[in-house]
Amino acid sequence: QVRLVESGGGLVPPGGSLRLSCVASGSPCIIINTMGWYRQAPGKERELVATTTRLSTNYTDSVKGRFTISRDNAKSTVYLQMNSLKPEDTATYYCNGNLWTPNLGSVDYWGQGRQVTVSS
């Protein structure tokens, strides 16, 4: 069964840094079409943070210049490096991937979510 497993996150003071990782597993052959990170703060809708395709990366305006998304295709992994964190970045972060496998073709998957809290 293909799944996305996230790690990283935690509590950091304002201005600090954290890194999130998301590994796709469950198939001997996984091709990443698109992977990205979303976040959801209490009482707010889930929003897109950053995405990466084979050709490009995209960021929501509020994180441009502070967050960097990257991918390691050989490891079926995507990372989100978060620098200069602000209290408003506090949220649960979710990994999302559109992955191709031989058995299922291209399917959307979600990770379980990781908490990021920015507070002094």
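In the predicted model, Arg39 and Asp89 are joined by a salt bridge, with 3.0 Å between the closest N and O atoms; a salt bridge is a side-chain nitrogen of Lys or Arg within 4 Å of a carboxyl oxygen of Asp or Glu. Arg39 belongs to strand β4 (residues 31–40), whereas Asp89 sits in the loop between β8 (77–82) and β9 (91–101), so the contact ties together parts that are 50 residues apart in sequence. Strands are DSSP runs (E, at least two residues), numbered from the N terminus. Residues are numbered from 1 along each chain as its sequence is written. Because the model is predicted, local features need pLDDT of at least 70 and side-chain atom pairs count only at pLDDT 80 or more, while totals for chains, interfaces and linings use all residues; side-chain values use heavy atoms, without hydrogens and water.

Asp89 also forms a salt bridge with Arg66, the closest N and O atoms lying 2.7 Å apart. Arg66 is located in the loop between β6 (57–59) and β7 (67–72), and the pair therefore ties together parts that are 23 residues apart in sequence. Asp89 is buried, at a relative accessible area of 1%, and Arg66 is likewise buried, at 10%; buried means under 20% relative accessible area, exposed over 50%, and partly exposed in between (1.4 Å probe, protein chains only).

A further salt bridge connects the side chains of Arg39 and Glu47 (2.6 Å, N to O). Arg39 is buried at 5% relative accessibility, whereas Glu47 is partly exposed at 31%. Across the whole structure, the search finds four salt bridges.

Terms used
Helices (H or I, at least four residues) and strands (E, at least two) are DSSP runs, numbered from the N terminus.
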